[in-house]
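Happy to look at this one with you. Let's take the labels one by one and ask what stands behind each of them.

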Amino acid sequence: VDTGVQVEIIGRTPYLGRNSVILVRAGLAAIVPGIGFGDSTPGNVTVLVGNRKSAIVQTTPTSIGFLVPWNIQPSGQVAYVNLVAEISGVHSPFDFPESFIEVDSTPAAGTIVHQSWDTLVTAASPPHVGEIIHVYAVGLGSVNPKVPDGTPAPSGEPLARLATPMVCQNSDVLYAGLATGAVERIYQVDLRLNVSGYWQFHCSIAGLTDFIFLTLNVLP
């Protein structure tokens, strides 16, 4: 105190928010808030999701972004998993920051694009029988060839197709696999629609319970 020299006794202590459990999708990027990450860079942060190392997307002083492992738990369930951020160079006497997330790996369709790729399929712009639609989805399982986590899906042959065939009612599956160039585990399914009417499209993949993939109004 007499000299005015400052001595750090306890180092900066990062903290991951726990105000509410964050629901994330298996295979997609998630951002968890926190404090005290300082000038951390992706190179010196390791995120463990359920004791599995995850690819880092970004870090800021108040958040960590990472890819949720696509196969963190069996599909068709929501898991409550532990999350730990190990940050090298942080000299705190406390353990590395820890939190929890809920991981949903159920199959689900997202954006749907018309055959020409120029417009979205919506209630105001429905598809027609015989048309090939492009559906982006999550939770469809393993692919072949395998794509390492955190690397883009191949943009040319051999494309990362589903390891087991996908079959859907009232349509032909022309392609089912990872969306080309995607780093997140985003799938693309190309369907040729065979019947008109308002339909629920039930689909199946080996190892997954049959699921309702789409509900569409298909015009003649």
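Predicted model: local features only at pLDDT ≥ 70, side-chain atom pairs only at ≥ 80, totals over all residues.

Residues are numbered from 1 along each chain as its sequence is written, and side-chain values use heavy atoms, with hydrogens and water left out.

Q: How many helices and strands does the protein chain have, and what makes a run count as one?
A: There are zero helices and 18 strands. Helices (H or I, at least four residues) and strands (E, at least two) are DSSP runs, numbered from the N terminus.

Q: Why is Val218 called buried?
A: Buried means under 20% relative accessible area, exposed over 50%, and partly exposed in between (1.4 Å probe, protein chains only). Val218 has a relative accessible area of 2%, so it is buried. Its place is in strand β18 (residues 211–218). By the same cut-offs, buried residues make up 41% of the 220 residues in the protein chain.

Q: What is Val218 in contact with, beyond its neighbours within four places in sequence?
A: Contact means heavy atoms within 4.5 Å. The partners of Val218 include Pro127, His128, Val129, Leu193 and Phe201. Val218 and Pro126 are 92 residues apart in sequence, yet 6.3 Å apart in space, C-alpha to C-alpha. For the protein chain, residues 24 or more positions apart account for 57% of the contacts with a separation of 6 or more.

Q: Is His114 buried or exposed, and where is it found?
A: His114 has a relative accessible area of 7%, so it is buried. It is found in the loop between β10 (108–113) and β11 (132–138). Among its contacts are Thr119, Leu120, Pro126 and His134.

Q: What makes Phe211 and Phe213 an edge-to-face pair?
A: Rings of Phe, Tyr and Trp (its six-membered ring) pair if their centres lie within 6.5 Å; planes under 30 degrees apart count as stacked, over 60 as edge-to-face and the rest as tilted. A search of the whole structure finds one aromatic pair. Phe211 and Phe213 form it, 6.1 Å centre to centre with 80° between the planes, which is edge-to-face. Phe211 is buried because its relative accessibility is 8%, and Phe213 is buried because its value is 5%.

Q: How do you know that the charged end of Arg185 sits over the ring of Trp70?
A: A charge sits over a ring if NZ of Lys or CZ of Arg is within 6 Å of the ring centre and within 35 degrees of the ring normal. The charged end of Arg185 is 4.2 Å from the centre of the Trp70 ring, and it is found to sit over that ring.

Q: Why do Asp104 and Arg25 count as a salt bridge?
A: A salt bridge is a side-chain nitrogen of Lys or Arg within 4 Å of a carboxyl oxygen of Asp or Glu. Asp104 and Arg25 meet at 3.7 Å, N to O. The pair links distant parts of the chain, with Asp104 in strand β9 and Arg25 in strand β2 (residues 22–25), 79 residues apart. Asp104 counts as buried because its relative accessibility is 14%, whereas Arg25 is partly exposed because its value is 27%.

Q: How many salt bridges does the structure hold?
A: It holds three. One of them joins Glu157 and Arg161, the closest N and O atoms being 3.0 Å apart. Another joins Asp172 and Arg192, at 3.5 Å.

Q: Which peptide bonds are called cis, and what is omega there?
A: A cis peptide bond joins Asn144 and Pro145, with omega about 0°. Another joins Glu157 and Pro158, also with omega about 0°. Most residues other than glycine have a negative phi, and most peptide bonds are trans.

Q: What is the phi of Asn51, and where does Asn51 lie?
A: Its phi is near 70°, a positive value in a residue other than glycine. Asn51 lies in the loop between β4 (45–49) and β5 (52–54). With 70% relative accessibility, Asn51 counts as exposed.
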